[in-house]
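Could you walk me through this structure in the viewer, stop by stop? I would like to know what to select next and what is there.

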Amino acid sequence: MDWCISSLLWYFIPLCFLVHIVCFIFGDADFTLLRASLTGHRPETKLKGLVVWVTGASSGIGEELAYQLARCGSRLILSARREDQLKRVKRQCLENSSLKDEEILVLSLDLLDRKSHMEKAKTAIEYFGHIDVLINNGGRSQRSLCLETRVEVYQALMELNFLGTVSLTKEVLPHMTQRGKGSIVTVSSVVGLAGAPLATGYSASKHALQGFFNSLRTELTDFPNILISMVCPGPVQSQIVDNAFTEELSKPVATVGSQEHKMPTSRCVRLMLVGIANDVKEMWIAQQPFLLFYYAWQYAPTVAWAMTNLLGRKRVQNFKAGLDADSAYFTKPKTS
(Lines give C-alpha, C1' and ligand atoms only; values in the text may rest on other atoms or scores of the structure.)
Protein backbone atom coordinates (compact mmCIF):
# COMPACT_ATOMS: atom_id res chain seq x y z
CA MET A 1 0.00 0.00 0.00
CA ASP A 2 2.79 2.43 0.97
CA TRP A 3 4.56 1.60 -2.29
CA CYS A 4 1.40 2.42 -4.29
CA ILE A 5 0.97 5.77 -2.54
CA SER A 6 4.61 6.65 -3.11
CA SER A 7 4.31 5.72 -6.79
CA LEU A 8 1.21 7.90 -7.20
CA LEU A 9 2.93 10.84 -5.54
CA TRP A 10 5.99 10.30 -7.72
CA TYR A 11 3.87 10.89 -10.84
CA PHE A 12 1.27 13.29 -9.38
CA ILE A 13 3.63 15.96 -8.04
CA PRO A 14 5.59 16.42 -11.32
CA LEU A 15 2.29 16.44 -13.23
CA CYS A 16 0.89 19.21 -11.02
CA PHE A 17 4.11 21.16 -11.44
CA LEU A 18 3.93 20.75 -15.23
CA VAL A 19 0.29 21.91 -15.31
CA HIS A 20 1.18 25.02 -13.29
CA ILE A 21 4.09 25.81 -15.61
CA VAL A 22 1.85 25.52 -18.69
CA CYS A 23 -0.82 27.69 -17.06
CA PHE A 24 1.81 30.27 -16.16
CA ILE A 25 3.24 30.41 -19.68
CA PHE A 26 -0.13 30.74 -21.40
CA GLY A 27 -2.10 32.37 -18.60
CA ASP A 28 -3.09 36.01 -18.31
CA ALA A 29 -3.76 36.22 -14.57
CA ASP A 30 -2.43 34.94 -11.26
CA PHE A 31 -3.14 31.34 -10.29
CA THR A 32 -5.88 32.22 -7.80
CA LEU A 33 -7.80 34.23 -10.37
CA LEU A 34 -7.29 31.65 -13.12
CA ARG A 35 -8.56 28.92 -10.81
CA ALA A 36 -11.62 31.02 -10.01
CA SER A 37 -12.28 31.56 -13.72
CA LEU A 38 -12.25 27.80 -14.30
CA THR A 39 -13.96 26.40 -11.21
CA GLY A 40 -15.42 29.36 -9.29
CA HIS A 41 -18.69 31.27 -9.34
CA ARG A 42 -19.78 32.84 -12.60
CA PRO A 43 -20.34 36.63 -12.59
CA GLU A 44 -23.66 36.11 -14.41
CA THR A 45 -24.91 34.28 -11.31
CA LYS A 46 -23.24 36.13 -8.43
CA LEU A 47 -23.57 39.70 -9.71
CA LYS A 48 -27.11 39.53 -11.09
CA GLY A 49 -29.36 42.08 -9.44
CA LEU A 50 -26.57 43.70 -7.42
CA VAL A 51 -26.21 47.48 -7.33
CA VAL A 52 -22.76 48.38 -8.69
CA TRP A 53 -21.32 51.91 -8.70
CA VAL A 54 -18.58 52.34 -11.33
CA THR A 55 -16.42 55.46 -11.44
CA GLY A 56 -14.51 56.40 -14.58
CA ALA A 57 -17.36 54.76 -16.53
CA SER A 58 -17.21 57.01 -19.60
CA SER A 59 -14.33 55.22 -21.34
CA GLY A 60 -11.76 52.41 -21.21
CA ILE A 61 -12.03 49.81 -18.47
CA GLY A 62 -14.91 51.64 -16.79
CA GLU A 63 -16.98 51.68 -19.98
CA GLU A 64 -16.37 47.98 -20.58
CA LEU A 65 -17.27 47.25 -16.95
CA ALA A 66 -20.63 48.93 -17.54
CA TYR A 67 -21.34 46.79 -20.62
CA GLN A 68 -20.38 43.48 -19.04
CA LEU A 69 -22.12 44.22 -15.74
CA ALA A 70 -25.28 45.14 -17.66
CA ARG A 71 -25.18 41.78 -19.43
CA CYS A 72 -24.78 40.13 -16.00
CA GLY A 73 -27.98 41.84 -14.90
CA SER A 74 -26.40 44.21 -12.36
CA ARG A 75 -28.13 47.49 -11.66
CA LEU A 76 -25.71 50.31 -12.39
CA ILE A 77 -24.60 53.71 -11.19
CA LEU A 78 -22.32 55.20 -13.83
CA SER A 79 -20.06 58.08 -12.84
CA ALA A 80 -17.46 60.27 -14.52
CA ARG A 81 -17.10 63.96 -15.31
CA ARG A 82 -18.46 63.79 -18.87
CA GLU A 83 -22.21 63.29 -18.50
CA ASP A 84 -22.78 63.15 -22.27
CA GLN A 85 -20.43 60.18 -22.55
CA LEU A 86 -22.11 58.49 -19.59
CA LYS A 87 -25.46 58.81 -21.34
CA ARG A 88 -23.93 57.20 -24.44
CA VAL A 89 -22.65 54.31 -22.34
CA LYS A 90 -26.08 53.95 -20.73
CA ARG A 91 -27.75 53.72 -24.15
CA GLN A 92 -25.35 50.98 -25.18
CA CYS A 93 -26.04 49.10 -21.96
CA LEU A 94 -29.78 49.26 -22.50
CA GLU A 95 -29.49 48.15 -26.11
CA ASN A 96 -27.35 45.13 -25.27
CA SER A 97 -28.94 43.88 -22.06
CA SER A 98 -32.31 43.25 -20.45
CA LEU A 99 -31.97 46.17 -18.05
CA LYS A 100 -34.64 48.85 -17.95
CA ASP A 101 -34.00 52.58 -18.07
CA GLU A 102 -34.59 53.06 -14.35
CA GLU A 103 -32.03 50.36 -13.51
CA ILE A 104 -29.13 52.55 -14.68
CA LEU A 105 -28.41 55.83 -12.95
CA VAL A 106 -26.13 58.37 -14.63
CA LEU A 107 -24.45 60.33 -11.85
CA SER A 108 -21.81 62.83 -12.90
CA LEU A 109 -18.86 62.90 -10.52
CA ASP A 110 -15.59 64.81 -10.24
CA LEU A 111 -13.13 62.97 -7.99
CA LEU A 112 -11.26 66.24 -7.43
CA ASP A 113 -14.38 67.91 -5.99
CA ARG A 114 -14.23 66.10 -2.67
CA LYS A 115 -16.80 68.41 -1.06
CA SER A 116 -19.43 66.96 -3.43
CA HIS A 117 -18.78 63.31 -2.60
CA MET A 118 -21.08 63.13 0.42
CA GLU A 119 -24.04 64.39 -1.60
CA LYS A 120 -23.19 62.14 -4.57
CA ALA A 121 -23.02 59.08 -2.31
CA LYS A 122 -26.30 60.03 -0.66
CA THR A 123 -27.95 60.34 -4.09
CA ALA A 124 -26.60 56.96 -5.21
CA ILE A 125 -27.72 55.19 -2.02
CA GLU A 126 -31.18 56.77 -2.02
CA TYR A 127 -31.80 55.90 -5.68
CA PHE A 128 -31.53 52.12 -5.27
CA GLY A 129 -31.77 51.93 -1.47
CA HIS A 130 -28.27 50.52 -1.11
CA ILE A 131 -24.94 49.91 -2.85
CA ASP A 132 -23.54 46.39 -3.10
CA VAL A 133 -20.31 47.09 -4.98
CA LEU A 134 -18.21 50.22 -5.42
CA ILE A 135 -15.63 49.97 -8.21
CA ASN A 136 -13.05 52.74 -7.90
CA ASN A 137 -11.85 52.99 -11.48
CA GLY A 138 -11.49 56.74 -12.02
CA GLY A 139 -8.05 58.28 -12.46
CA ARG A 140 -5.33 59.32 -14.90
CA SER A 141 -1.95 57.94 -15.87
CA GLN A 142 1.38 59.67 -16.60
CA ARG A 143 3.92 59.72 -19.41
CA SER A 144 6.87 61.92 -18.50
CA LEU A 145 10.37 61.77 -17.09
CA CYS A 146 10.89 62.87 -13.50
CA LEU A 147 13.60 65.41 -14.37
CA GLU A 148 11.18 67.17 -16.73
CA THR A 149 7.98 66.94 -14.64
CA ARG A 150 6.66 69.84 -12.58
CA VAL A 151 5.67 69.23 -8.97
CA GLU A 152 2.13 70.37 -9.79
CA VAL A 153 1.71 67.21 -11.90
CA TYR A 154 2.60 65.01 -8.92
CA GLN A 155 0.15 66.92 -6.77
CA ALA A 156 -2.62 66.49 -9.35
CA LEU A 157 -1.97 62.75 -9.61
CA MET A 158 -2.19 62.27 -5.84
CA GLU A 159 -5.26 64.49 -5.55
CA LEU A 160 -7.10 62.59 -8.26
CA ASN A 161 -5.95 58.99 -8.09
CA PHE A 162 -5.42 58.68 -4.34
CA LEU A 163 -7.31 61.32 -2.35
CA GLY A 164 -10.31 61.36 -4.70
CA THR A 165 -10.66 57.60 -4.41
CA VAL A 166 -10.19 57.62 -0.63
CA SER A 167 -12.75 60.41 -0.25
CA LEU A 168 -15.46 58.57 -2.18
CA THR A 169 -14.69 55.31 -0.39
CA LYS A 170 -15.10 56.98 3.00
CA GLU A 171 -18.58 58.14 1.98
CA VAL A 172 -19.70 54.65 0.93
CA LEU A 173 -17.95 52.50 3.55
CA PRO A 174 -20.16 53.51 6.54
CA HIS A 175 -23.19 52.43 4.51
CA MET A 176 -21.61 49.01 3.94
CA THR A 177 -20.52 48.55 7.57
CA GLN A 178 -24.07 49.41 8.65
CA ARG A 179 -25.42 46.72 6.31
CA GLY A 180 -22.62 44.34 7.26
CA LYS A 181 -21.79 43.52 3.65
CA GLY A 182 -20.53 44.95 0.39
CA SER A 183 -17.52 45.08 -1.89
CA ILE A 184 -15.04 47.89 -2.54
CA VAL A 185 -12.97 47.12 -5.62
CA THR A 186 -10.15 49.49 -6.58
CA VAL A 187 -8.30 49.48 -9.87
CA SER A 188 -4.60 49.81 -9.11
CA SER A 189 -1.87 48.76 -11.56
CA VAL A 190 1.25 46.67 -11.98
CA VAL A 191 3.09 49.89 -11.10
CA GLY A 192 1.21 49.88 -7.81
CA LEU A 193 3.31 46.84 -6.92
CA ALA A 194 6.58 47.83 -8.61
CA GLY A 195 8.04 51.01 -10.03
CA ALA A 196 8.30 51.89 -13.70
CA PRO A 197 9.96 54.75 -15.59
CA LEU A 198 7.81 57.53 -17.08
CA ALA A 199 5.25 56.97 -14.30
CA THR A 200 6.89 58.17 -11.09
CA GLY A 201 3.83 60.11 -9.94
CA TYR A 202 1.31 57.60 -11.24
CA SER A 203 3.20 54.75 -9.59
CA ALA A 204 3.33 56.69 -6.31
CA SER A 205 -0.44 57.24 -6.37
CA LYS A 206 -1.08 53.54 -7.02
CA HIS A 207 1.37 52.49 -4.28
CA ALA A 208 -0.58 54.80 -1.98
CA LEU A 209 -3.84 53.07 -2.92
CA GLN A 210 -2.30 49.65 -2.29
CA GLY A 211 -1.11 50.73 1.15
CA PHE A 212 -4.41 52.37 2.06
CA PHE A 213 -6.73 49.54 1.04
CA ASN A 214 -4.48 46.75 2.32
CA SER A 215 -4.47 48.53 5.69
CA LEU A 216 -8.22 49.14 5.52
CA ARG A 217 -8.82 45.43 4.90
CA THR A 218 -7.16 44.60 8.22
CA GLU A 219 -9.31 47.20 10.00
CA LEU A 220 -12.46 45.49 8.75
CA THR A 221 -11.84 42.04 10.19
CA ASP A 222 -15.04 42.43 12.24
CA PHE A 223 -16.91 42.69 8.92
CA PRO A 224 -16.05 39.42 7.11
CA ASN A 225 -18.70 40.03 4.47
CA ILE A 226 -17.11 43.26 3.26
CA LEU A 227 -14.63 42.58 0.46
CA ILE A 228 -11.69 44.92 -0.14
CA SER A 229 -10.23 43.93 -3.49
CA MET A 230 -7.32 45.40 -5.45
CA VAL A 231 -7.07 44.97 -9.22
CA CYS A 232 -3.55 45.23 -10.66
CA PRO A 233 -3.70 45.17 -14.47
CA GLY A 234 -0.71 45.30 -16.77
CA PRO A 235 -0.97 47.16 -20.09
CA VAL A 236 -4.59 47.14 -21.34
CA GLN A 237 -6.11 48.58 -24.50
CA SER A 238 -7.84 51.78 -23.39
CA GLN A 239 -7.72 55.57 -23.60
CA ILE A 240 -5.56 55.87 -20.48
CA VAL A 241 -2.48 56.93 -22.47
CA ASP A 242 -4.48 59.51 -24.45
CA ASN A 243 -5.51 61.26 -21.23
CA ALA A 244 -2.23 60.83 -19.35
CA PHE A 245 -0.48 63.66 -17.55
CA THR A 246 2.82 64.79 -19.06
CA GLU A 247 5.54 67.05 -17.65
CA GLU A 248 3.09 69.99 -17.48
CA LEU A 249 -0.54 69.99 -16.35
CA SER A 250 -1.99 71.38 -19.56
CA LYS A 251 0.31 69.62 -22.02
CA PRO A 252 -1.23 66.62 -23.84
CA VAL A 253 0.59 63.43 -24.79
CA ALA A 254 2.44 64.13 -28.03
CA THR A 255 2.17 60.66 -29.58
CA VAL A 256 -0.04 57.72 -28.64
CA GLY A 257 1.49 54.55 -30.03
CA SER A 258 -0.21 51.37 -31.14
CA GLN A 259 -2.25 49.57 -28.49
CA GLU A 260 -2.57 46.27 -30.34
CA HIS A 261 0.11 44.50 -28.28
CA LYS A 262 -1.83 45.13 -25.04
CA MET A 263 -4.47 42.95 -23.39
CA PRO A 264 -7.99 43.47 -24.82
CA THR A 265 -10.13 45.50 -22.44
CA SER A 266 -12.93 42.92 -22.60
CA ARG A 267 -10.66 40.16 -21.28
CA CYS A 268 -9.32 42.32 -18.47
CA VAL A 269 -12.84 43.23 -17.35
CA ARG A 270 -14.05 39.64 -17.57
CA LEU A 271 -11.28 38.58 -15.20
CA MET A 272 -12.12 41.46 -12.89
CA LEU A 273 -15.75 40.34 -12.65
CA VAL A 274 -14.65 36.76 -12.00
CA GLY A 275 -12.50 38.04 -9.15
CA ILE A 276 -15.35 40.10 -7.67
CA ALA A 277 -17.76 37.16 -7.94
CA ASN A 278 -15.27 34.94 -6.09
CA ASP A 279 -14.11 37.42 -3.43
CA VAL A 280 -10.50 37.56 -4.67
CA LYS A 281 -8.63 40.11 -2.56
CA GLU A 282 -5.91 40.95 -5.10
CA MET A 283 -5.95 40.29 -8.83
CA TRP A 284 -2.91 40.25 -11.10
CA ILE A 285 -4.15 40.59 -14.68
CA ALA A 286 -1.58 40.64 -17.47
CA GLN A 287 -0.20 38.76 -20.42
CA GLN A 288 3.38 37.57 -20.56
CA PRO A 289 6.00 38.88 -20.06
CA PHE A 290 4.22 41.20 -17.63
CA LEU A 291 2.80 38.36 -15.52
CA LEU A 292 6.35 37.12 -14.94
CA PHE A 293 7.17 40.60 -13.67
CA TYR A 294 4.53 40.33 -10.90
CA TYR A 295 5.87 36.98 -9.69
CA ALA A 296 9.48 38.14 -9.86
CA TRP A 297 8.73 41.13 -7.63
CA GLN A 298 6.82 38.90 -5.21
CA TYR A 299 9.28 36.03 -4.92
CA ALA A 300 12.62 37.14 -6.38
CA PRO A 301 13.05 40.91 -5.97
CA THR A 302 16.75 40.82 -6.85
CA VAL A 303 15.90 39.26 -10.22
CA ALA A 304 13.03 41.72 -10.56
CA TRP A 305 15.38 44.69 -10.17
CA ALA A 306 17.55 43.35 -13.00
CA MET A 307 14.45 42.94 -15.18
CA THR A 308 13.24 46.43 -14.25
CA ASN A 309 16.53 48.05 -15.19
CA LEU A 310 16.71 46.21 -18.52
CA LEU A 311 13.11 46.77 -19.59
CA GLY A 312 12.93 50.23 -18.06
CA ARG A 313 15.83 51.41 -20.20
CA LYS A 314 14.06 50.15 -23.32
CA ARG A 315 10.83 51.81 -22.18
CA VAL A 316 12.51 55.20 -21.93
CA GLN A 317 14.16 54.69 -25.34
CA ASN A 318 10.80 53.98 -26.94
CA PHE A 319 9.25 57.00 -25.24
CA LYS A 320 11.97 59.28 -26.58
CA ALA A 321 11.53 57.73 -30.04
CA GLY A 322 7.82 58.64 -30.04
CA LEU A 323 6.54 55.07 -29.63
CA ASP A 324 4.13 53.72 -27.05
CA ALA A 325 6.28 53.13 -23.98
CA ASP A 326 4.92 49.63 -23.32
CA SER A 327 5.83 48.47 -26.82
CA ALA A 328 9.43 48.43 -25.55
CA TYR A 329 8.86 44.85 -24.53
CA PHE A 330 7.96 43.81 -28.07
CA THR A 331 9.69 46.09 -30.57
CA LYS A 332 12.92 47.99 -31.05
CA PRO A 333 12.65 51.77 -30.99
CA LYS A 334 13.06 53.64 -34.23
CA THR A 335 16.00 56.03 -34.25
CA SER A 336 15.12 57.97 -37.38
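Start by selecting Trp53 and Leu134: Trp53 stands opposite Leu134, which belongs to strand S4. Keep in mind as you look that this is a predicted model.

Now widen the selection to residues 51–55, strand S1, and residues 133–136, strand S4. These two strands pair in the parallel sense, over three bridges.

Next, bring up the rest of the sheet. It is an open sheet of seven strands, and going across you meet them in the order S3-S2-S1-S4-S5-S6-S7, with parallel pairing. To find the edges, select 104–106 for strand S3 and 282–285 for strand S7; each of them pairs on one side only. On average, neighbouring strands of this sheet are turned by 15° against each other, ignoring direction.

Then select residues 265–277 for helix H9, which lies across S4, strand S5 (182–187), strand S6 (226–233) and S7. Relative to S7, helix H9 runs at about 160°.

For the next stop, select helix H6 (residues 117–128) and helix H7 (residues 151–179). Their axes come within 9 Å and cross at roughly 45°. H6 and H7 are therefore oblique to each other, and their crossing is right-handed.

Which residues make the contact? Show side chains for His117, Met118, Ala121 and Ile125 on H6, and for Gly164, Ser167, Leu168, Glu171, Val172 and His175 on H7. Coloured by type, the residues of this contact of H6 with H7 divide into five nonpolar, four polar and one charged.

The last stop is Phe245, in the loop between S6 and H9. Is Phe245 buried or exposed? Its relative accessible area is 6%, under the 20% cut-off, so Phe245 counts as buried. To see what surrounds Phe245, leave aside its neighbours within four places in sequence and select Arg140, Ser141, Gln142, Arg143, Val153, Ala156 and Leu157, with which Phe245 is in contact. Finally, draw a distance between the C-alpha atoms of Phe245 and Ser144: they are separated by 7.6 Å, although the two residues are 101 residues apart along the chain.

Conventions:
Residues are numbered from 1 along each chain as its sequence is written. This is a predicted model: local features need pLDDT of at least 70, side-chain atom pairs count only at pLDDT 80 or more; totals for chains, interfaces and linings use all residues. Side-chain values use heavy atoms; hydrogens and water are left out. Two strands pair if DSSP finds at least two bridges between them. Helices (H or I, at least four residues) and strands (E, at least two) are DSSP runs, numbered from the N terminus. Axes are lines fitted to C-alpha atoms, for helices over the stretch in contact, and angles run from 0 to 180 degrees between N-to-C directions. Contact means heavy atoms within 4.5 Å. Angles under 35 degrees count as roughly parallel, over 145 as roughly antiparallel, 65 to 115 as roughly perpendicular and the rest as oblique. A crossing is left-handed if the near helix is turned anticlockwise from the far one by less than a right angle, and right-handed if clockwise. Ala, Val, Leu, Ile, Met, Phe, Trp, Tyr, Cys and Pro count as nonpolar, Asp, Glu, Lys and Arg as charged, and the others, Gly among them, as polar. Buried means under 20% relative accessible area, exposed over 50%, partly exposed in between (1.4 Å probe, protein chains only).
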